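Please read the following report on one protein model alongside its sequence and its three-dimensional structure.

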Amino acid sequence: MLRSRPVASRRQTVLGLLLGAVAGGAASAAALVGREARAGAARQPLLISYNDDYAPYSFVDPQLHPQRVQGILPDLLQALLKDLDSVRLEALGLPWRRAQAMVKLGQADGLCTFASDERRQYALFNELPLVELRPHLFFSARHPQRAQLERLRSREDLKAFHLVDQKGNQWAEQVLADFPHVEWTMGHDAVFRMVLAARGDVHVSLSPLVTQWRLKKLAIQAQVMSIPAPYLAANVPFHLGLRQDFPGARQILAHLDRRLAQAGSAALIESIVRPYHSATSS
């Protein structure tokens with residue numbers, strides 16, 4: 001016949017079991033954290049170089065988050081590549097010409113942009129676009145030839161005007177190469193200062209979303225007009241480009257294309273882009 005142990009003894013036994021379970025759980029948790037830390041350390045850093053002044057696609061807020069790159073492009077890449085075990089995404093925000101030079105010189109690993117002929121000389125690009133931008137013309141609402149500008153329907157007609165664009169915009173440098181009157185500035189804000197000061201007629205923006213964000217920042221929305229320019233390009237795709245000597249570059253780009261080809265990718269992209277559209281219109 002089995003005897004029951006005293007209550008105090010049973011309590012000690014239960015307490016011992018509980019403490020053992022807690023200790024075992026803590027050890028298991030510590031082991032899991034350790035494995036995750038080792039896995040993170042084993043991942044190769046993949047440093048993406050972004051334009052620090054191309055909101056809402058990529059930007060740095062010097063007041064609120066001076067060390068953080070924000071925007072549609074970093075958010076998209078983080079969401080689409082988070083399940084890739086071989087690399088750990090990192091972001092660097094710089095003025096655009098310098099951001100591109102960092103990749104070209106091998107000091108950063110990739111960039112997300114239009115795959116121009118020059119960029120293809122040092123970077124490999126994935127096939128499917130992450131986003132597609134739609135060119136628009138922007139000009140002063142007080143331009144003396146506003147009616148003529150609003151009626152533009154061809155490249156040849158646009159060539160009669162003086163265009164202003166940012167140095168380092170390789171899409172514009174490539175597409176507008178045969179235009180006789182193009183002036184290049186060192187920054188986006190300077191483009192609109194020139195347009196409003198009648199020192200240039202038109203700016204061809206890759207994205208009305210980018211330009212509306214900038215006009216809102218500069219508080220000049222009412223002073224600038226916009227019309228689509230599909231005769232320059234129906235859309236301008238942005239792809240991920242990795243420097244050609246980055247280990248596993250082709251495999252990473254193929255993985256990204258597989259993710260973009262999945263059924264739910266369009267909804268994922270829309271969920272990331274939508275809040276930025278809302279912020280622009282508010």
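## Strands S6 and S14

Strand S6 is joined to strand S14 (residues 236-243) by four bridges, and the two run antiparallel; strands pair if DSSP finds at least two bridges between them. Within this pairing, Thr 113 has His 239 in S14 as its bridge partner. Strand S6 itself spans residues 110-113 and is covered on both faces, with Gly 110 and Cys 112 buried on one side and Leu 111 and Thr 113 buried on the other. Here buried means under 20% relative accessible area, exposed means over 50%, and partly exposed lies in between, as found with a 1.4 Å probe on protein chains only.

## The model as a whole

This is a predicted model, in which local features need pLDDT of at least 70 and side-chain atom pairs count only at pLDDT 80 or more, while totals for chains, interfaces and linings use all residues. Residues are numbered from 1 along each chain as its sequence is written, and side-chain values use heavy atoms, with hydrogens and water left out.

The protein has 10 helices and 14 strands; these are DSSP runs numbered from the N terminus, a helix being H or I with at least four residues and a strand being E with at least two. Of the 282 residues in the protein, 44% are buried. Contact means heavy atoms within 4.5 Å, and among the contacts with a separation of 6 or more, 72% are between residues 24 or more positions apart.

## A three-stranded open sheet

Three strands form an open sheet in the order S2-S3-S4, and their pairing is antiparallel. Strand S2 (53-54) and strand S4 (65-70) are at the edges and have a single partner strand each, so one side of each is left without a neighbour in the sheet. Strand S3 (residues 58-61) pairs with S4 in the antiparallel sense over three bridges, and Val 60 stands opposite Val 69 in S4.

## Aromatic rings

A pair of aromatic rings is described by the distance of the centres and the angle of the planes. Rings of Phe, Tyr and Trp (its six-membered ring) pair if their centres lie within 6.5 Å, and planes under 30 degrees apart count as stacked, over 60 as edge-to-face and the rest as tilted. By this rule there are four aromatic pairs. In one of them, the ring centres of Tyr 54 and Tyr 57 are 6.2 Å apart and the planes are at 35°, so the pair is tilted.

## Helix H7 and its surroundings

Seven of the nine residues of H7 are buried, so this helix is largely enclosed by the rest of the structure. The buried residues are His 188, Asp 189, Ala 190, Val 191, Phe 192, Met 194 and Val 195. They pack against S2, S9, strand S10 (163-166), strand S11 (182-185), strand S12 (203-205) and helix H8 (208-218). Just after H7, Ala 198 takes a positive phi of about 60°.

Ser 140, which is found in strand S9, counts as buried at 5% relative accessibility. Leaving out residues up to four places away in sequence, Ser 140 touches Val 195, Leu 196 and Gln 223. A polar atom of the Ser 140 side chain also lies 3.1 Å from the backbone nitrogen of Arg 142.

## Gln 100 in helix H3

Gln 100 lies in helix H3 (residues 96-104) and counts as buried at 5% relative accessibility. Apart from neighbours within four places in sequence, Gln 100 is in contact with Leu 111, Arg 119, Tyr 122, Gly 168 and Gln 170. With Arg 119, the side chain of Gln 100 makes a side-chain polar contact at 2.8 Å; a polar contact is a pair of N or O atoms within 3.5 Å, where within protein one must be able to donate a hydrogen and the other to accept it, and residues adjacent in sequence count only if both atoms are side-chain atoms.
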